[in-house]
Amino acid sequence: MKEIVKKYISPHFPQMGIGLFIKFVGTIMDLFIPYILAYIIDTVIPAGQKRMIFLWGLAMIFCSFLAVSFNVIANRKASRVASDVIKKLRHDLFEKIMYLSNHQMDEFTKPSLISRMTSDTYDLQQMVARIQRMGVRAPILLVGGIFVTFTLDYAMALVLLAVLPLLTFLTIVVSKKGIPIYAKQQAIADRMVRVVREDIAGIRVIKALSKTEYETEKFREVNRSVVEQEKKAGMVMAVMNPSMTILLNLGLVGVILTGAYRVNAGASEVGKILAFTTYFTIILNAMLSITRIFSMVSKSIASGNRVWEVLRAKEEMEVLEGAEDVLGAGKQKGEEEDAEIVFSHVTFSYYKGRATKGGASDAQEGKGTDCALPEAASGGQEDREEIPETLSDISFVVKKGETLGIIGEIGSGKSTILNLMMRLYDADSGMIRIAGRDIRSYEPEELKHKFGVVFQNDMIFEDTIAGNVSLGRSATKEALSEALLYAQASEFVEGRQEQEADALNIRGANLSGGQKQRVLIARALLAKPEILILDDSSSALDYRTDARLRQGIREHFADTTLVIVAQRVSSIRHADHILVLENGHCIGYGAHEELMERCSVYQEISHSQMGEGGV
């Protein structure tokens with residue numbers, strides 16, 4: 001939390017100082033009013049000076065006017081500072097989230113990041129605003145009220161002052177217990193956000209399968225957990241106000257009794273007792289405000305720590321100078337000079353396992369031998385810890401302009417290869433090179449600009465078709481039309497009279513599955529990428545449209561290296577290389593005809609989809 005104060009709040013200290021000074025003056029005016037009232041009752045009225053009564057009455061009105069005016073001005077300045085602080089903080093947090101690696105996104109989880117972006121930053125905004133409003137006013141009223149009471153009657157003031165150590169002790173104890181409770185409460189709230197997010201996104205599936213009651217019950221459970229934690233936090237913080245009220249009321253009883261005895265003895269006046277009751281109310285409200293501040297700060301500290309946890313996250317995808325030498329493998333002998341994509345003994349696990357030296361890998365014992373690079377390209381291998389590997393010892397080479405097809409069962413690692421290729425994750429071992437360079441030596445933007453990609457579950461935004469295709473990139477209407485044409489999307493786009501005015505629903509709910517895929521393919525083709533990745537992006541297309549799409553790409557993007565992940569053999573049978581995966585291992589690599597001869601799994605897939613004669 002202190003890091004947030006230092007980086008985001010401290011630059012506004014001068015502006016906050018002006019606001020606090022204005023708040024200070026307004027608060028002092030509040031403290032003058034009961035003092036003037038006591039002076040009128042005890043001194044001016046007994047003297048029978050009517051003119052002085054009116055003059056001191058005008059002074060009370062003037063103090064009231066200044067108190068109201070200055071407090072309003074200070075509150076407006078406080079709101080402006082709080083808005084500026086959180087605006088910058090929220091922007092930096094969003095930017096940081098956008099640059100988090102996929103591994104970091106998995107660790108934080110999307111619902112948690114949404115919660116930190118919304119509720120946690122809101123809590124911080126409330127704290128910054130209220131600290132400027134109550135954080136100055138309440139202590140001044142408390143300290144100032146006590147000081148003024150001493151100038152009125154020290155004996156009654158000492159009685160009131162005796163209660164304050166108990167109040168301070170109570171505030172510290174409750175606040176220390178409140179911070180961890182609020183942190184746990186926000187973690188449970190993250191779970192609730194996740195459930196709501198999933199259910200809203202999958203509402204059609206839930207209704208179609210008549211699982212509304214099941215999902216409602218699931219939400220009821222997480223909602224009950226949130227409520228229970230809120231109750232626990234509320235019960236802890238609920239001790240504050242009643243306890244303080246009791247203690248201060250006991251103090252007030254002591255003040256009145258002391259004052260009565262002193263008035264009876266002629267050592268004090270009635271006006272002072274009246275002023276004391278007013279100051280007591282001021283001090284009571286100040287103490288209650290301070291308890292609310294501690295409660296709010298306790299919650300805000302938990303929120304600030306969660307926000308700073310994201311902001312301080314280290315850059316995982318660092319650009320490594322001389323990355324070719326890090327793994328002791330430069331340009332390997334036997335590799336084609338014009339290779340566009342090279343995977344050399346790549347192993348990866350989402351569990352971030354680490355290698356241990358010694359022994360031979362599964363691939364070296366005979367698994368995936370069809371995928372191995374020439375012997376000269378092979379480097380020393382290391383055994384892995386016993387962890388579930390998503391990919392194990394994957395090697396292949398694709399030249400510029402060639403097509404690589406990837407096929408395999410669900411969960412075999414097809415999409416993971418694409419993630420590693422674009423450096424959305426870093427491989428645990430092995431090397432990946434794009435255009436002759438280790439991908440870790442590329443600046444992120446430089447690497448991403450080489451790719452045009454359509455992921456398996458890609459996103460259609462709530463925008464026009466043109467906006468979804470361009471996605472913020474400057475593109476002429478001719479370029480947009482060309483991309484839509486090559487993606488076989490023109491036939492349904494041309495049927496819409498005003499393309500720019502035709503907004504799509506979020507996730508493309510007003511498009512069919514095939515139409516969405518063609519819009520996404522047009523988005524990838526617009527930049528004329530060096531490497532085009534299609535991750536099962538034609539699954540919703542009919543065979544005729546799929547064939548026209550592949551033909552159009554071959555004709556108009558002949559120099560583009562194409563990587564196709566597909567479930568259908570027909571989508572990849574003409575590829576220059578086909579990679580067959582099973583449980584993260586390469587069990588076949590070659591052209592369609594080669595695999596039909598020596599890869600039984602590929603033969604089985606081909607025969608099941610295209611019949612016995614499907615070669």
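Helices here are DSSP runs of H or I with at least four residues, numbered from the N terminus. By that numbering, Glu316 sits in the loop between α11 (270–311) and α12 (323–326). The model is predicted.

**Negative surface patch**
- Asp106, Glu107, Glu315, Glu316 and Glu318 form a patch of negative charge on the surface.
- Glu316, one of the patch residues, has a relative accessible area of 33%, so the residue counts as partly exposed.
- Patch members need over 30% relative accessible area and no salt bridge, and Glu316 has a relative accessible area of 33%.

- Lys88 and Asp92 form a salt bridge, with their closest N and O atoms 2.6 Å apart.
- The two residues lie four positions apart in helix α3 (residues 50–99), which means that about one helical turn separates Lys88 and Asp92.
- Lys88 is partly exposed at 46% relative accessible area, whereas Asp92 is buried at 12%.

- Glu215 pairs with Lys218 in a salt bridge, the closest N and O atoms being 3.1 Å apart.
- Glu215 and Lys218 are three residues apart in helix α9 (residues 212–238), so they are separated by about one helical turn.
- Glu215 is buried, with 12% relative accessibility, while Lys218 is partly exposed at 33%.
- Arg220 and Glu217 also meet in a salt bridge, at 2.2 Å from N to O.
- Both Arg220 and Glu217 belong to helix α9, at a spacing of three residues, or about one turn.
- Arg220 is partly exposed at 34% relative accessibility, and Glu217 is partly exposed at 31%.

Key
Residues are numbered from 1 along each chain as its sequence is written. This is a predicted model: local features need pLDDT of at least 70, side-chain atom pairs count only at pLDDT 80 or more; totals for chains, interfaces and linings use all residues. Side-chain values use heavy atoms; hydrogens and water are left out. Patches are made of residues with over 30% relative accessible area and no salt bridge: like charges are joined within 9 Å, nonpolar side chains (Val, Leu, Ile, Met, Phe, Trp, Tyr) within 5 Å. Accessible areas come from the Shrake-Rupley method with a 1.4 Å probe; for residues, only the protein chains shown count as cover. A salt bridge is a side-chain nitrogen of Lys or Arg within 4 Å of a carboxyl oxygen of Asp or Glu. Lys and Arg count as positive and Asp and Glu as negative; His and the chain ends are not counted. The place of a charge is taken as NZ of Lys, CZ of Arg, CG of Asp or CD of Glu. Buried means under 20% relative accessible area, exposed over 50%, partly exposed in between (1.4 Å probe, protein chains only).
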